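Me: Please go through this model with me, one local feature at a time.

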Amino acid sequence: ELGAAFDDSRLLVPKRAVQQQRSTSIGPGSMHVLPNGIVVALRRDRNSVQAFDSQLSKKIGEWKLPHGLHWLTLCGGGDGLFLVGLRNFTKAELYAFLMPPELNIEPKEADAKPKRSVGHLYVPSSRAHEI
């Protein structure tokens, strides 16, 4: 969320920031804010996705990604997280993962049974789709 700067009302600045305590940065296309305010970040150096509560500046969890791909970008929507990766740095693949339950702050009534999540993201029915 943006607001006017204290000393210049024409300048927009973030109302809050999440401080990262790692030495590596999060690159372009590697962050997404879900509608519930949770920030998900692609951690290429760790081959994982991390989630943070943007209100509390607190880590929610981290999930390992399948090996063998150079992950490029991520986004989220509905019940899923979507990532694009390169296999052998030549073939782009789109992966759709079910949203980990920890990121569903407001569960839906129609979604009563829990989704499988044990610290690893997984591809539900189909594997990956080549782009």
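This is a predicted model: local features need pLDDT of at least 70, side-chain atom pairs count only at pLDDT 80 or more; totals for chains, interfaces and linings use all residues.

Me: Which residue in β9 is the bridge partner of G85?
Reply: Helices (H or I, at least four residues) and strands (E, at least two) are DSSP runs, numbered from the N terminus. Two strands pair if DSSP finds at least two bridges between them; β8 (residues 80-87) and β9 (residues 91-98) are antiparallel over eight bridges. Within β9, G85 is bridged to E93.

Me: Is the pair of W71 and Y95 stacked or edge-to-face?
Reply: Rings of Phe, Tyr and Trp (its six-membered ring) pair if their centres lie within 6.5 Å; planes under 30 degrees apart count as stacked, over 60 as edge-to-face and the rest as tilted. The structure holds three aromatic pairs. For W71 and Y95 the ring centres are 5.3 Å apart and the planes lie at 70°, so the pair is edge-to-face.

Me: Is W71 buried or exposed?
Reply: Buried means under 20% relative accessible area, exposed over 50%, and partly exposed in between (1.4 Å probe, protein chains only). The relative accessible area of W71 is 2%, so W71 is buried.

Me: With which residue does the side chain of Q50 make a polar contact?
Reply: Q50 sits in strand β5 (residues 48-53) and is buried, at 1% relative accessible area. A polar contact is a pair of N or O atoms within 3.5 Å; within protein, one must be able to donate a hydrogen and the other to accept it, and residues adjacent in sequence count only if both atoms are side-chain atoms. At 3.3 Å, the side chain of Q50 contacts that of E62.

Me: What is the phi of F89?
Reply: Most residues other than glycine have a negative phi. F89 belongs to the loop between β8 and β9 and is exposed, with a relative accessible area of 63%. Although F89 is not a glycine, its phi is positive, at about 55°.

Terms used
Residues are numbered from 1 along each chain as its sequence is written. Side-chain values use heavy atoms; hydrogens and water are left out.
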